[in-house]
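Student: I've just opened this one and I'm new to it. Can you walk me through?

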Amino acid sequence: MPNKITHVFFDLDRTLWDFEQNSHDELSAIFSRHQLMMKGISLVEEFIKVYKKINEECWELYRMNAIKKEDLRSVRFAQTLEYFGINDPALSERIGLEYVTNSPMRTKLIKDSHEILEYLNPKYSMHMITNGFEEVQHVKLRECGLTPFFGEVITSEMAGAKKPEKKIFDLAIELTGANPATSVYIGDDLLVDALGAANAGWQAVYFNPHKVTHNHSFLADIQSLAELKTVL
Ligand SMILES: [Mg+2]
């Protein structure tokens, strides 16, 4: 029988904020704005596909502390443009800046986000732990009207540690006065979120819309946010 939950912590990207859709929309806008078709990239979907693959690789390096934040922003676009034979450092610099400035202003959320936050808000102390840049994550929360739902917003940048490191979960406990055993973390990444939280002694809800198979036992494994009503 699990302890009674008192504190609910959310992940942001891909759990509440629809990262895939918002990113796709901004990349499409960049493709049109800079007339990348005229520069030799024939299909917007091809541009997005290549960018996503390169971005994943760059993020992996960032997670391993092998690349710096400032470099990540332009390098991923420089490499994408180079893939299509475009060598234009000034353009990749500019697109890199536009992407990080504009994407967080986009407001598509995962289905039922607002509804479930409204439901949980009166029942629990709610906070956020997110691997992301301080200014970027706060813009997303504000633009989507999510700021009022969360007390502490702990970013990896301010914590000096990234999920799944225990250090960021410990900091969250310290800042909120919560108890790990009665805290639950809700996130979409098996390793980074669910196992990270479990490893820190927390309960975990794995938001698993793609039904990834695994052998772990969490407080819950849910395919939609609305299912949280049956758990919390
Ligand atoms: Mg996430």
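Tutor: We'll go from domains to sheet, then cores, then a few single residues. Keep in mind that this is a predicted model.

Student: Okay. Which domains does the assignment give?

Tutor: Domain 1 covers 7-18 + 109-230, and domain 2 covers 19-105.

Student: How far apart are the C-alpha centres of domain 1 and domain 2?

Tutor: They lie 27 Å apart.

Student: And how many residues of each are in contact?

Tutor: 10 residues of domain 1 touch 9 residues of domain 2. On the domain 1 side, 4 of the residues are nonpolar, 6 are charged and none is polar.

Student: Now the sheet. What order do the strands come in?

Tutor: The order is β3-β2-β1-β4-β5-β6. These 6 strands form an open sheet with parallel pairing.

Student: Which strands stand at the edges?

Tutor: β3 (153-155) and β6 (220-222). Each has a single partner strand, so one side of each has no neighbour in the sheet. From one strand to the next, the twist averages 20°.

Student: What holds strands together in general?

Tutor: Strands of a sheet pair through backbone hydrogen bonds, either parallel or antiparallel.

Student: Back to this one. Which strands does β1 pair with?

Tutor: β1 pairs with β2 over 4 bridges, in the parallel sense. β1 also pairs with β4, again parallel and over 4 bridges. V8 has M126 as its bridge partner in β2. F9 has Y185 as its bridge partner in β4.

Student: Which way do the β1 residues point?

Tutor: H7 and F9 point one way, V8 and F10 the other. All of them are buried.

Student: What about the pairing of β4 and β5?

Tutor: Strand β4 (residues 183-187) and strand β5 (residues 203-207) are parallel partners over 4 bridges. V184 sits opposite Q203 in β5.

Student: Is β5 covered or open?

Tutor: Mostly covered: 5 of its 5 residues are buried. Q203, V205 and F207 point one way from β5, while A204 and Y206 point the other way.

Student: Let's switch to the inside. How many residues are in the largest nonpolar core?

Tutor: There are 37. F9, M128, V184, Y185, A204 and V205 touch the most other members. Elements giving two or more residues include β1 (7-10), α5 (113-120), α8 (166-176) and α9 (190-199). β5 gives the most, with 4 residues.

Student: Pick M128. What is M128 in contact with?

Tutor: Leaving aside neighbours within four places in sequence, M128 is in contact with F9, F10, L12, F150, V153 and I154.

Student: And how many residues are in the second core?

Tutor: That separate core has 12 residues, among them L27, L36, F47 and L81.

Student: What is phi at R14?

Tutor: R14 has a positive phi of about 75°, although it is not a glycine. R14 belongs to the loop between β1 and α1. R14 has 16 other C-beta atoms within 10 Å, so it is partly exposed.

Student: And Q35, where is that?

Tutor: Q35 is in the loop between α1 and α2. Phi of Q35 is also positive, near 45°, and Q35 is a residue other than glycine.

Student: Why does Q35 count as exposed?

Tutor: Q35 has 9 C-beta neighbours inside 10 Å. The cut-off for exposed is 12 or fewer, so Q35 qualifies.

Student: Last one. Where does K68 sit?

Tutor: K68 is in the loop between α2 (44-63) and α3 (69-83). K68 counts as exposed because it has 11 C-beta neighbours inside 10 Å. K68 and I41 are 27 residues apart along the chain, and their C-alpha atoms are separated by 28 Å.

Note on methods: Residues are numbered from 1 along each chain as its sequence is written. This is a predicted model: local features need pLDDT of at least 70, side-chain atom pairs count only at pLDDT 80 or more; totals for chains, interfaces and linings use all residues. Two strands pair if DSSP finds at least two bridges between them. Axes are lines fitted to C-alpha atoms, for helices over the stretch in contact, and angles run from 0 to 180 degrees between N-to-C directions. Domain bounds come from an automatic or database domain assignment. Two residues are in contact if their C-beta atoms, placed from the backbone, lie within 7 Å. Ala, Val, Leu, Ile, Met, Phe, Trp, Tyr, Cys and Pro count as nonpolar, Asp, Glu, Lys and Arg as charged, and the others, Gly among them, as polar. A nonpolar core is a set of buried Ala, Val, Leu, Ile, Met, Phe, Trp, Tyr and Cys residues joined through C-beta atoms within 7 Å. A residue is buried if 20 or more other C-beta atoms lie within 10 Å of its own, exposed if 12 or fewer, and partly exposed in between; C-beta atoms are placed from the backbone.
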